[in-house]
There are 4 protein chains.
Amino acid sequence: MSIGIGIIGAGVMGADHARTVASAVGGAHLAALSDADADRAARVAAETGARRCHADSMALIADPAVDAVLIASPDATHAAFVLACLNAGKPVLCEKPLAATLAEAEVIIAAEKALGRRLVQVGFMRRFDPAYAGMKARLDAGEIGPAVMLHAVHRNAAVPPWFTSEMVITNSAVHDIDVARFLLGQEIVAATVFAPPVPAGALRDRQFLVMETAGGQLATVELFVNAAYGYDVRAELVGERGTLTRAPRDAVALRQSGRESGAFALDWRGHFAAAYQRQLQAWVQSIRSAVPVGPSAWDGYAATAIATACVGGLARGERVAVDIGTRPALYD
Amino acid sequence: MSIGIGIIGAGVMGADHARTVASAVGGAHLAALSDADADRAARVAAETGARRCHADSMALIADPAVDAVLIASPDATHAAFVLACLNAGKPVLCEKPLAATLAEAEVIIAAEKALGRRLVQVGFMRRFDPAYAGMKARLDAGEIGPAVMLHAVHRNAAVPPWFTSEMVITNSAVHDIDVARFLLGQEIVAATVFAPPVPAGALRDRQFLVMETAGGQLATVELFVNAAYGYDVRAELVGERGTLTRAPRDAVALRQSGRESGAFALDWRGHFAAAYQRQLQAWVQSIRSAVPVGPSAWDGYAATAIATACVGGLARGERVAVDIGTRPALYD
Amino acid sequence: MSIGIGIIGAGVMGADHARTVASAVGGAHLAALSDADADRAARVAAETGARRCHADSMALIADPAVDAVLIASPDATHAAFVLACLNAGKPVLCEKPLAATLAEAEVIIAAEKALGRRLVQVGFMRRFDPAYAGMKARLDAGEIGPAVMLHAVHRNAAVPPWFTSEMVITNSAVHDIDVARFLLGQEIVAATVFAPPVPAGALRDRQFLVMETAGGQLATVELFVNAAYGYDVRAELVGERGTLTRAPRDAVALRQSGRESGAFALDWRGHFAAAYQRQLQAWVQSIRSAVPVGPSAWDGYAATAIATACVGGLARGERVAVDIGTRPALYD
Amino acid sequence: MSIGIGIIGAGVMGADHARTVASAVGGAHLAALSDADADRAARVAAETGARRCHADSMALIADPAVDAVLIASPDATHAAFVLACLNAGKPVLCEKPLAATLAEAEVIIAAEKALGRRLVQVGFMRRFDPAYAGMKARLDAGEIGPAVMLHAVHRNAAVPPWFTSEMVITNSAVHDIDVARFLLGQEIVAATVFAPPVPAGALRDRQFLVMETAGGQLATVELFVNAAYGYDVRAELVGERGTLTRAPRDAVALRQSGRESGAFALDWRGHFAAAYQRQLQAWVQSIRSAVPVGPSAWDGYAATAIATACVGGLARGERVAVDIGTRPALYD
């Protein structure tokens, strides 16, 4: 009766997911873990009580004790594992991105379409964040009238040295692209990327993205991946009659040394802890009920397609049209 | 390996706990439910997947499939069930109050002391609330210096017609009494209750409580159980060099009709949802590790003793001394 | 046509008032200054453009160029100067306290009553603070129903070495006493002062005051005059259907070094700058229109009477009754 | 000794300025008023105590009792009156815009340059707003490192029927353009305007402006002039190490009917009341000291030049370059 979860990847994200499954999700248990680094997998398994370790992730997918698969391995491996899950007929929650390339994402869409039922959920966990989910619910309840604009801020305290200008879009902004589609409810048809000139080879760590939807809505995203002061993600959704703002605040206010202050989370793990827990809880429930929830493979494909267009816009320094094609009926 | 939880009581609180165990706590499953109303127990069991229903709660405690017991039955039954759990050697999480009378609470303390190990956790869930827990952690980290005062506000939108003036203290303030002991770290030695005069027989729905600790700290609590506008619980902890404030805020800010606003939860269930989830998660973990966490039977006894003294102070309209006796070494 | 203001006292407060008159109040000019320290008066006059300096403050009151008098000299001198203004028939704004003793305050009331018209305004500037004034206006507009409780916090970063335990009440709390009378609209009939025991001779720098009004309302005041972190004055007014809170916030929010923060003012001058400006502006307007505004001599007397009772309560450690007598019709 | 102010225009803005001079600015008096509507001028004069009314505004400028002129007449008249003030050698505070056309603004610059001293201040009152001024001061103090981005929101509840799509820029955004120059400290060199397509002839009431400075900073402005819910102006200044946010909040928080809320001002007059008062106070002080403060004629010209370029960008739907020329040494 309890769902056996198999997790591919025992790095930072995989280990976090393993801990959440073990301690904060009901109706499921950690059936297996796999990682290219067998020691790492063993350590995480010991900590979280995972029943089995696989050296080969394909073996994990095939393991009969594994009812559903969570993919948290390097991006380049995502598509192959997702396709294997589809082949095995097992529900799969894939950390974003769905695939490392647009072509691979298209293959997944085709495969799931051929299968005729949705097994893939993409790890855009923000849709389960209490604030983003609340904004959507209250928009749908008519509190602010139809949505007309969205303004997002996405700041990281710092990024590692190997972070590239393109990753600012494909790794960071891709979350805001999904949020824009989720909240605005219309497809994105054009994008313009503003990024201050930098010395050759330097990271363009500040970018400003303006997206336009089919219905004339605007979604803007400030990206600043070396913002120094903390991890800070917020957004204001503007409707015809009002606005809804996600403005996270420390649960405790400190008054000390002449200041009243609240602390920022260090990174997305602390900031979105509730979103990750709710994402897994909803996923397990969707497996039990066989009713898909959350972002689909199509949403994963769309975000990748739009991010890819934006990368082109960054390179060319001008407005680019975006056309993600027609959504298959499976995803209606 | 998974802990089998048995829940006594399938009313509002019991059903909520059952849902939380079923969906948001790992490492445990809902083994059994009992309720004096068998239909109600059956309905909640069906919804939450509880494996078994008992008509007799003592049978639930004795059930070998039940590893640990959660008591959410009427207050008058708490003590007998807690004692049965101690007899059975099973860990028990008892909704507050630990017992309906001080005498019963003393019997429990004596029984657990005789047993020589702690099996009882009392459901003062606020200690697991991210904000209260954060205040404690940051106080302990020295952010504000030694604690000198605590100011709490406890407002309910409304209370049912059968609510009494004494229950304002024993049912509502008892949580703030526990928080005061938790955050101030010293025992309460005196209390004064201010309550505006009301017509004979009317509910004294506004009370103001001033407690003094052995070390000269003050803890004040405003109680207003017909505050109309919403459920509102907050607190400021004052240290020698700063303050820490729990000031809950809606995760989403709405700008509409000339106002920027956030919504209040309707009652404690919405307001303290995270606290209830964390309480259960910590309890399950404490069972697995056999290391007690959270408020002990002694904390439950102490809160009852102080609340009882306050009720006397309310009746007499003057400062009352409080003496809860010496804490047994088991609870150090 | 321009009102000639004479200011008695060129210390910190007097100089501040002089600057405000000179730069931020219309329809008036700084006609004269006086101070026991002639050099100090001359310096402030030079800075603010005061037309004349008097060595003798009684001469300033008599000066025909002075249409109205602002008293900012040491407390012990207030009563004599106020009485001289009444004799001279000149409007007077007296910094709090109206008088250093209750007996002197009674003499002033008697004198103004004999005169038959109100010339005295007392410098309880908080009544002109946008937030306190806004709370009063919105209470009167019915936004929260009838007022039932007021909770005030009054913290100073530090006080000078000569500050006494009694001054915590007479110097600091007296403002909150006036605010309580202003917002609750009923007279205070009892008070209890809680203050942790301290070593003999030490300042009781933390006090907690609970006042009761004739109608059963409660007004609480936390006083902490060595709160270290900043000057912090706030209050929540509780009505039967809602609450109104004065929660001052820095006009600018800083996000830096892992925190979002706002700064506190260092002391009351920065914190209440707008209140001081509006107080003077309203006073000048009231002189021009001959319609008194703001706190009257009676309000000054009442605050002194209540503070005096509280000082007794602090000494005796028990609830004290307060009876300020019947308000003369002049002050209706 | 008191500065005699003459105000041209007794409409909404002129009357407000007249009230401020009369009641909340020291060291000056209202010497004269003029308005094409003599009755209107007379009414405002009676209310505010202006000593004289002129039917002809040129006569007001020439009036020897008028030491300095405040222009609050229709935009089309600004340039002529400013030039007359320069001819008369009288300091002038001109409501924005400095001139209705860029050509006129250039004439004013030439005239003031020929005069060789600065007499003109432009009414970009936001520079005197406590929050914007505080952001600038704290930026200059190094609190957030060098400025790299500015994000502004400018929302009106509604605009009158005669408001045009161009006025969204020239009338509303022009304030944000000045703020961007003030806070970023570099000149704007390019601008892109995003505005959703609307039916022919309809007002483009939502526009999004992206400006780039010579040093690669970005300044974005959301304009929404029919935002319905209230007047809402805010901004976040992003530095390399932190951010400073102007986030105005009601001085009083209301808890009622399930919500905690603060009210918005209805329009800019309430929202920027403190800024208007401080602007006039600083202007009077600058006249007395003969040291110019605040936005100069050059700032007025620059804002007009940038707004004009943006209007072109709105029409063409593409990024436009902006070149305002070299700042004359007079304005260094």
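1. The crossing of α7(C) and α10(C) is right-handed; a crossing counts as right-handed if the near helix is turned clockwise from the far one by less than a right angle, and as left-handed if anticlockwise. Please keep in mind that this is a predicted model, where local features need pLDDT of at least 70, side-chain atom pairs count only at pLDDT 80 or more, and totals for chains, interfaces and linings use all residues. Residues are numbered from 1 along each chain as its sequence is written, with chains lettered from A and ligands numbered from 1 in the order in which they are written.

2. Helix α7 (residues 165–184) and helix α10 (residues 297–316), both of chain C, pack at about 130° with axes 9 Å apart. Axes are lines fitted to C-alpha atoms over the stretch in contact, and angles run from 0 to 180 degrees between N-to-C directions. The two helices are therefore oblique, a word for angles that are not under 35 degrees (roughly parallel), over 145 (roughly antiparallel) or 65 to 115 (roughly perpendicular).

3. Among the residues that meet are I169(C) and A173(C) in α7(C), and A303(C) and I306(C) in α10(C); contact asks for C-beta atoms, placed from the backbone, within 7 Å. The residues of this contact divide into eleven nonpolar, two polar and four charged.

4. Now to the chain contact: chain D and chain C give 32 residues each. On the side of chain D, elements giving two or more residues include α1 (12–24) and α9 (273–289).

5. Strand β13 (residues 252–256) of chain C pairs with β12(D), antiparallel, over five bridges; pairing takes at least two DSSP bridges. L254(C) has L244(D) as its bridge partner.

Terms used:
Helices (H or I, at least four residues) and strands (E, at least two) are DSSP runs, numbered from the N terminus. Two residues are in contact if their C-beta atoms, placed from the backbone, lie within 7 Å. Ala, Val, Leu, Ile, Met, Phe, Trp, Tyr, Cys and Pro count as nonpolar, Asp, Glu, Lys and Arg as charged, and the others, Gly among them, as polar.
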